[in-house]
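My entries follow in the order in which I looked.

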Amino acid sequence: MAANHTVTIGGEQVLPGQTKSIDIPLAAMYTHTDVGLTVHVINGKRPGPCLLLTAAVHGDEINGVEIIRQVLGSKQLSKLRGTLLAIPVVNVHGFLNQSRYLPDGRDLNRCFPGSLKGSLAGRVAYTLIDKILCHATHCIDLHTGARHRTNLPQIRTDLSQSETQELALAFGSPVILDAQLREGSLRQAAADRDIPFLLYEAGEALRFDEFSIRAGTRGVINIMRELNMLPRKVRPAKPTTVTIADDSRWVRAPNSGVMRTMVRLGARVKKGTVLAYISDPVGLGQKAVLAPAESIVIGLTNLPLVHEGEALFHLANYSKKIHQVANQVATFHDTFGSSGDEEEPFFIGQDDSLED
Ligand SMILES: [Zn+2]
C-alpha cells in the first residue's frame, strides 16, 4: 500500500501518520506580544487529498472556530487518508478585537492574495496563501452572518464547476447558493489555483449557534467522506433531494424606525406576507415590510433599530416544488435538532447577498 508523503509547513516536517500544530509568525502586536497563524496538520498514513479548513477570516465570525475544534476531536481522523490542514482562527488580530476587520481597518477577505511587503491584511493574506493554501487540493472556509445578522446554514460556491457542485451537495447544508466570485476573497485566490472551494455561512457573528455548528461539523465530515479521506458509511443515509431555487434577494427597510420582526429564519413566506413592522419610536404610525414573492427566509437582521435602505431579510426564491422543499426542511430538522418549528429548505439559488 502506498504511503502518504511528508508535509513541510513553516519549515516543520509532518510525517505520514503524524499530527502537529505549527505556528507561523504574523505581525506582532504593538504590545510586544507575538502573534502566530496556528495550523493543525493531520497527515494520514495513506495518500489522498489535502483539505484546508479555515475559520474566522472575519475575526468576529466564530461558529467555524468551534466547528474546526469538533472536527479535530473526531475519532474518525485516525482513519484519515491524505492531509487535513485546519486553521481555527485566520484573522487572529480581528479575533482578539472581536472585530470582522484587522486593526488597519481592512477586510481580510478583500485582500487576497496579498503581498509580502503590503498592508497588515495583505501580509496575513500572503502568509495564508504562500505557506498553507499552496498545499491544499480542496478548501472549506467557515463564515457566519455579520454582526446582528443571522444566516440559515448555507453553502456559497461556484456551481458551474461540476466537482464543486457535487461537493456542495455532499455537504448537506439546507441552502446552496450559486455565488459569484468576489475580488480579493480567499475564494478567488483558491479559484485562481483551481482549488475547489466551499464557503459555509451559518449563524451570526460573535455568537455560537449549536444548530449551525452541528450542521457545519457534519458537513465537513461529509465532504471528507465524499473525497475518500474518511471511510464512507456502510449504510449511507438516504440521499437528500435538492430543490433548485431561482435566485435570492434582500428586502430593505422602506423607512427608518424600530422594527418588530414577524417571521423566523427558515420560514416560508408568500407574496405579501408581513415580514416586519417598522414604526416611529415616538409616534403611533407603523409601516409593514412585505415579502415581494413566495420565498424562504435564509438570512435576517436581529437588530430592531433600522435605517431606510438597510438590508433586513435575505429571501431565496424558487418557482416550484414547494412541497418537496417542505419535506426536505423536516429532514434537516430531524438530523440537526433545531429547537424551533420553523421550516427550513434544501435548495440551490443565485446569490446577491451582502457578504461572504
Ligand atoms: Zn464572513
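I begin with the term for strand pairing: two strands pair if DSSP finds at least two bridges between them. Helices (H or I, at least four residues) and strands (E, at least two) are DSSP runs, numbered from the N terminus. I note that this is a predicted model, in which local features need pLDDT of at least 70 and side-chain atom pairs count only at pLDDT 80 or more, while totals for chains, interfaces and linings use all residues. Residues are numbered from 1 along each chain as its sequence is written, and side-chain values use heavy atoms, with hydrogens and water left out.

**Entry 1: the sheet**

With that definition I looked up Ala276, and I found that Ala276 stands opposite Val289 in S16. The bridge partner of Ile278, also looked up, is Lys287 in S16. Strand S15 (residues 274-279) and S16 run antiparallel and are joined by 5 bridges, and the hairpin that leads from S15 to S16 passes through 6 residues.

**Entry 2: helix H4 and what covers it**

Which residues of helix H4 are buried? I take buried as under 20% relative accessible area, exposed as over 50%, and partly exposed as in between, with a 1.4 Å probe and protein chains only. In H4 (residues 162-171), the buried residues are Thr164, Leu167, Ala168, Ala170 and Phe171. They cover an arc of only 165° around the axis, which puts them on the same side of H4; the arc is that of the directions from the helix axis to the C-beta atoms.

I count a contact as heavy atoms within 4.5 Å. The elements that cover the buried residues of H4 include strand S7 (138-143), strand S8 (149-157), strand S9 (175-178), strand S10 (197-204) and helix H6 (210-226). After H4 comes Gly172, whose phi is positive, near 85°.

**Entry 3: two helices against H6**

For helix pairs I use axes that are lines fitted to C-alpha atoms, for helices over the stretch in contact, with angles that run from 0 to 180 degrees between N-to-C directions. The axes of H4 and H6 come within 8 Å and cross at roughly 135°. H4 and H6 are therefore oblique to each other, given that angles under 35 degrees count as roughly parallel, over 145 as roughly antiparallel, 65 to 115 as roughly perpendicular and the rest as oblique. The crossing of H4 and H6 is right-handed; a crossing is left-handed if the near helix is turned anticlockwise from the far one by less than a right angle, and right-handed if clockwise.

On the H4 side I listed Leu167, Ala170 and Phe171, which meet residues of H6 including Ala215, Gly219, Val220 and Ile223. Gly219, which lies in helix H6, is buried, with a relative accessible area of 0%. From C-alpha to C-alpha, Gly219 and Ala170 are 7.5 Å apart in space, although 49 residues separate them in sequence.

How do the axes of H1 and H6 pack, and at what angle? Helix H1 (residues 63-72) packs on H6 at an angle of about 50°, with the axes 9 Å apart, and H1 and H6 are therefore oblique to each other. H1 passes H6 in a right-handed crossing. In H1, Asn63, Glu66, Ile67, Gln70 and Val71 meet Ser212, Ile213, Gly216, Thr217 and Val220 in H6.

**Entry 4: backbone in the loops**

I looked next at the loop between helix H2 (92-96) and helix H3 (120-132), where Pro113 has its place. A cis peptide bond joins Phe112 to Pro113, with omega about 5°. Gln98 is found in the loop between H2 and H3 as well, and its phi is near 55°, a positive value in a residue other than glycine. At 48% relative accessibility, Gln98 counts as partly exposed.

Asn228, in the loop between H6 and strand S11 (243-244), has a positive phi near 60°, again in a residue other than glycine. At 43% relative accessibility, Asn228 counts as partly exposed.

**Entry 5: the chain as a whole**
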